[in-house]
Amino acid sequence: DVVKNADVAITRSSTDVDETFLNAATNLKAIIRAGVGYDNVDMEGCSKRGIIAMNVPTANTIAAVELTMAHMLSCMRKFPYAHNQLKQDRIWKREDWYGNELFGKKLGVIGFGNIGHRVALRAKSFEMDVVTYDPYIPSTKATDLDIKYTSNFQDILDCDIITIHTPKNQETLNIIDAEEIAQMKDGVVLVNCARGGLINEEALYDGLKSKKIRFAGIDVFNKEPAIDHPLLDLDNIIVSPHLGANTHESQYN
């Protein structure tokens, strides 16, 4: 009833523009996804009906970039756990919280679009060694920014820290799975503030449990809200409830 006479619909990530939605919206000319991804929009269904689909790919860029850096720093220094011990448990034990520095670490950035390239630039300011993998860009887009470019995914798997900034599609689903994790360095740190499912969650759980993955920073999950997820039981993961666009500036944009 809400959409049946609408010419245009604007939606966020929590509404699925699926067959049921499209069948009801019989007058629809355009769907605007007020966010970055199209993974909740039936693009094929829109095409068949002649409905134009649009998004706002830069609205939450800085918010997602800064959240990624926050997760990266939190993984290296375990800030949330140190905070909880002092604030909630009222325990002062500095010796529990020896972390690691970003300085000198090798960062692998999967996807060098609006968000990925800005994460890479900020990582450079921490004097990290940054390499990116993105088969859909010319290598000069990275090298012109003094970022190393690789067409060999193994170069990413050899990094100390790996962060993902790709859309979610058939090519990127489970781009990091058990096979890829097995090839990583012992003690690797993984960060995903892009889309749930880019890292296989079962493989991630196993890698964290065995300490092959030293720490992970995860903002997105396959199924949300993820309030009963097994990953939440682990003590070497930093989580947030899909906050990539949650700044006042991003919402205004």
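I began with two helices and looked up where they meet: Thr61, Ile62, Val65, Thr68, Met69 and Met72 in H3 are in contact (heavy atoms within 4.5 Å) with Arg118, Val119, Arg122 and Ala123 in H5. By class, I noted six nonpolar, two polar and two charged residues in this contact, where Ala, Val, Leu, Ile, Met, Phe, Trp, Tyr, Cys and Pro count as nonpolar, Asp, Glu, Lys and Arg as charged, and the others, Gly among them, as polar.

Before going on, I wrote down that this is a predicted model, in which local features need pLDDT of at least 70 and side-chain atom pairs count only at pLDDT 80 or more, while totals for chains, interfaces and linings use all residues. Residues are numbered from 1 along each chain as its sequence is written, and side-chain values use heavy atoms, with hydrogens and water left out.

Next I looked up the geometry of the pair. H3 and helix H5, residues 116–125, pack at an angle of about 45°, with their axes 9 Å apart; the axes are lines fitted to C-alpha atoms, for helices over the stretch in contact, and angles run from 0 to 180 degrees between N-to-C directions. The two helices are therefore oblique to each other, given that angles under 35 degrees count as roughly parallel, over 145 as roughly antiparallel, 65 to 115 as roughly perpendicular and the rest as oblique. For the names, I kept in mind that helices (H or I, at least four residues) and strands (E, at least two) are DSSP runs, numbered from the N terminus.

I then followed H3, residues 61–77, to Met76. Is Met76 buried or exposed? At 1% relative accessibility, Met76 counts as buried, the classes being buried under 20% relative accessible area, exposed over 50% and partly exposed in between, with a 1.4 Å probe and protein chains only. Leaving out residues up to four places away in sequence, Met76 touches Gly99, Asn100, Glu101, Leu102, Lys105, Ile161, Val189 and Arg214. From Met76 to Ile32 I count 44 residues in sequence, and their C-alpha atoms are 38 Å apart in space.

I turned to the largest nonpolar core, of 29 residues, in which Ile110, Ile162, Ile176, Met184, Leu190, Leu204 and Leu208 touch the most other members. Such a core is a set of buried Ala, Val, Leu, Ile, Met, Phe, Trp, Tyr and Cys residues joined through side-chain atoms within 4.5 Å. Among the elements that each supply at least two of its residues are strand S5 (129–133), helix H9 (201–209) and strand S9 (213–218). Apart from this core lies another, of 26 residues, among them Val109, Ile115, Val130 and Ile161.

Asn174, in the loop between S7 and helix H8 (178–182), has a positive phi of about 55° although it is not a glycine, and is partly exposed at 29% relative accessible area. In the loop between S9 and S10 I found Asn222, which is partly exposed at 44% relative accessibility and touches Lys168, Gly196, Gly197 and Glu201, its neighbours within four places in sequence left aside. Pro225 lies in the loop between S9 and strand S10 (237–239), and a cis peptide bond, with omega about 0°, joins Glu224 and Pro225.
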